[in-house]
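Please look over the sequence and the model shown below before reading on.

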Amino acid sequence: MNGEVVQPAFRAIADDLAQSLRRYLERYVGDPAVAQDLSQETLMRINQGLPSFAGRSSIKTWAFSIANRVAADYLRHPDRRLHIVELDEVAEPIDPDRALDEKMMLGEMNECIRAVIDSLPDSYRAALILHDIEGLSAEQTAEICACSLATAKIRIHRARLRLKEVLTKRCEFYRDQDNVFRCDRKA
């Protein structure tokens with residue numbers, strides 16, 4: 001072994017990560033069309049940077065850090081406004097056999113949660129989405145967000161606290177007599 005880093009093929013990286021990157025970007029910016037454009041920009045930057053990839057992190061962590069910077073750059077422009085997207089639009093479709101009232105209730109809950117996530121500072125929002133929604137480790141989140149592990153953990157913790165605090169003020173979550181989870185907005 002001569003210590004050289006073996007460069008993975010771009011096509012393999014794109015095939016493996018494109019969907020995860022697009023989903024993350026959609027959750028981050030809240031707009032599927034914008035997320036698709038940012039995903040393409042991310043893949044272009046990955047392709048351009050691949051020859052200089054030093055292997056100090058995993059390809060996935062490196063790719064998500066690029067996506068994080070692309071999204072942050074996009075949102076820095078003053079004319080950019082976050083749009084609320086319901087979480088169920090990003091995730092798997094809801095089972096069609098569910099009752100209409102349950103779908104509406106889930107939509108209300110998702111709208112409430114999405115609005116709170118969108119109101120978080122960029123650093124908290126990124127940490128929360130990467131760790132709690134995308135399922136990355138705190139170490140990977142720290143690396144992607146270009147901060148220390150301690151800072152990443154603090155951001156995740158504070159984002160969760162803000163989410164809980166705002167949801168407690170805005171919404172009341174409970175199970176009804178049929179054991180169905182409900183959300184009522186507080187006045």
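**Helix α6 and its surroundings**

In this predicted model, helix α6 runs over residues 122-133, and its 12 residues reach 15 Å from the first C-alpha to the last, which is close to the 16 Å expected at 1.5 Å a residue. The points below are grouped by topic.

**Burial and the end of α6**

- The buried residues of α6 are Tyr 124, Arg 125, Ala 126, Ala 127, Leu 128, Ile 129 and Leu 130.
- Just after α6, the backbone at Gly 135 adopts a positive phi of about 80°.

**Packing of α6 against α8**

- Two packed helices are described by the angle between their axes and the distance between the axes.
- The axes of α6 and helix α8 (residues 149-170) come within 8 Å and cross at roughly 95°, which makes α6 roughly perpendicular to α8.
- On the α6 side, the residues in contact are Ser 123, Tyr 124, Ala 127, Leu 128, His 131 and Asp 132, and they meet Arg 155, Ile 156, Arg 158, Ala 159, Arg 160, Arg 162 and Leu 163 of α8.
- Sorted by class, this contact of α6 with α8 comprises 6 nonpolar, 2 polar and 5 charged residues.

- Most residues other than glycine have a negative phi.
- Ala 146, although not a glycine, has a positive phi of about 55°, and this residue lies in the loop between α7 (138-144) and α8.
- Ala 146 is exposed, with a relative accessible area of 71%, a value that falls over the 50% cut-off for exposed residues.

Methods. Residues numbered from 1 in each chain as written. Predicted model: local features only at pLDDT ≥ 70, side-chain atom pairs only at ≥ 80, totals over all residues. Heavy atoms only, no water. Helix = DSSP H or I, 4+ residues; strand = E, 2+ residues; numbered from the N terminus. Expected span 1.5 Å × (residues − 1). Buried < 20%, exposed > 50% of the residue type's maximum accessible area, 1.4 Å probe, protein only. Axes fitted to C-alpha atoms, helices over the stretch in contact; angles between N-to-C directions. Parallel < 35°, antiparallel > 145°, perpendicular 65-115°, else oblique. Contact = heavy atoms within 4.5 Å. Nonpolar A, V, L, I, M, F, W, Y, C, P; charged D, E, K, R; others polar.
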